[in-house]
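Here is a short briefing for a first look. Start with the structure, then take the points topic by topic.

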Amino acid sequence: NDTILEVNNLKKYFPIKGGVLRRTVGHVKAVDDVSLKVFRGETLGIVGESGSGKSTLGRVILRLLSPTDGQILFENEDITSKSNRQLRPIRKDMQIVFQDPYASLNPSMSVQELIEEPLIVQTNLDKNERKKKVNEILDKVGLRTSDQLKYPHEFSGGQRQRISIARALVLNPKFVVCDEPVSALDVSIQAQVLNLMADLQDELNLTYLFISHDLSVVKHISDRVAVMYLGRIAEVAPKREIYEKPLHPYTQALLSSIPTVDKNSRREKIILQGDLPSPSNPPSGCPFRTRCPKAFDLCSEVRPELKDMGNNHYVACHLYE
Ligand code: SF4
Ligand code: MG
């Protein structure tokens, strides 16, 4: 497999300031020792509750945030500590589609201006060449040439997300972080946008890191799925493995709460106890132990590392040692 992106022992800690002196009194461990690979042309789904660190992970990978520790390799090039100036030529290849197309599009810019802007910033194309690119990408995302003169408020949520996608793809990137790209949309529109993204992936040879809290959305679009809990990866495997043979008690609980089509394989719903612990004060040992129905002594003492279970299936849980 051809690896486009590799992350080794990545950490992102945010300082918590307290007291009159605003001293650092602790850290939110948003991403806590994550290692993963993304293969060229695939969609790696990242799934987790809000507060699991998945959005922070996406932003650190793109170097929109600097990592606290660890390493990021993009196309075998170490981009962990590159300056903004050094990152400039690489940014063109790495783009992001945000969750909220209402907040992420400048309302005072026309569609034309919104999509042309990255070309002005990142390329030396002249006005005519830019115009041609804008027209091409509008057509690809299913918008009309005449839509160019309109403003974001004149469009529905789904159409706006098409504008955001056009803006991200106009530079012809290789790797796109999709951060909950359909979560703000009506369920009836979600499938349309997901299908569009899948078509564009094939047509433009894109690799996606697809972040979502919604297991059914991730199932629709991913080749592999990584499950995050409190800043760490609990389990990562090809889609079929995750959905048919989940090994981690957390993955099992998440899956038990989504409806299955197959009536014979109806799963018992596993109710998780308690809330997600604070990422500033995670439990010792296994971060899931305070809510795990299968926790035993070792779980509070030793942090489980990802273990290779075969078939590209990795799980971080002491039950499998
Ligand atoms: Fe549960 Fe222990 Fe496995 Fe963590 S390591 S998921 S607490 S059984
Ligand atoms: Mg695909």
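A residue counts as buried if 20 or more other C-beta atoms lie within 10 Å of its own. By that rule, 40% of the 321 residues of the chain are buried. The model is predicted.

**Overall fold**
- The chain holds ten helices and twelve strands.
- Its C-alpha atoms fill a box of roughly 65 × 55 × 40 Å along the principal axes.
- Take the contacts between residues at least 6 apart in sequence: 64% of them join residues at least 24 apart.

**Nonpolar core**
- The largest nonpolar core has 77 residues.
- Ala 166 and Leu 209 touch the most other members of this core.
- Leaving out residues up to four places away in sequence, Leu 209 touches Val 38, Leu 44, Ile 46, Gly 58, Ile 61, Val 177 and Cys 178.
- In soluble globular proteins, nonpolar side chains tend to be buried together.

**Helix H9**
- Helix H9 spans residues 249-256.
- Its buried residues are Pro 249, Tyr 250, Thr 251 and Leu 254.
- The cover over these buried residues includes helix H7 (215-221) and helix H8 (239-244).
- Strand S9 (224-229) and strand S10 (232-238) are also part of that cover.

**Around ligand 1**
- Ligand 1 is surrounded by 13 residues.
- The closest are Cys 286, Arg 289, Cys 292, Cys 299 and Cys 317.
- By type, the shell has nine nonpolar, two polar and two charged residues.

Notes
Residues numbered from 1 in each chain as written. Chains lettered and ligands numbered in written order. Predicted model: local features only at pLDDT ≥ 70, side-chain atom pairs only at ≥ 80, totals over all residues. Near = placed C-beta within 6 Å. Nonpolar A, V, L, I, M, F, W, Y, C, P; charged D, E, K, R; others polar. Buried ≥ 20, exposed ≤ 12 C-beta atoms within 10 Å, placed from the backbone. Helix = DSSP H or I, 4+ residues; strand = E, 2+ residues; numbered from the N terminus. Contact = placed C-beta atoms within 7 Å. Core = buried A, V, L, I, M, F, W, Y, C linked by C-beta atoms within 7 Å.
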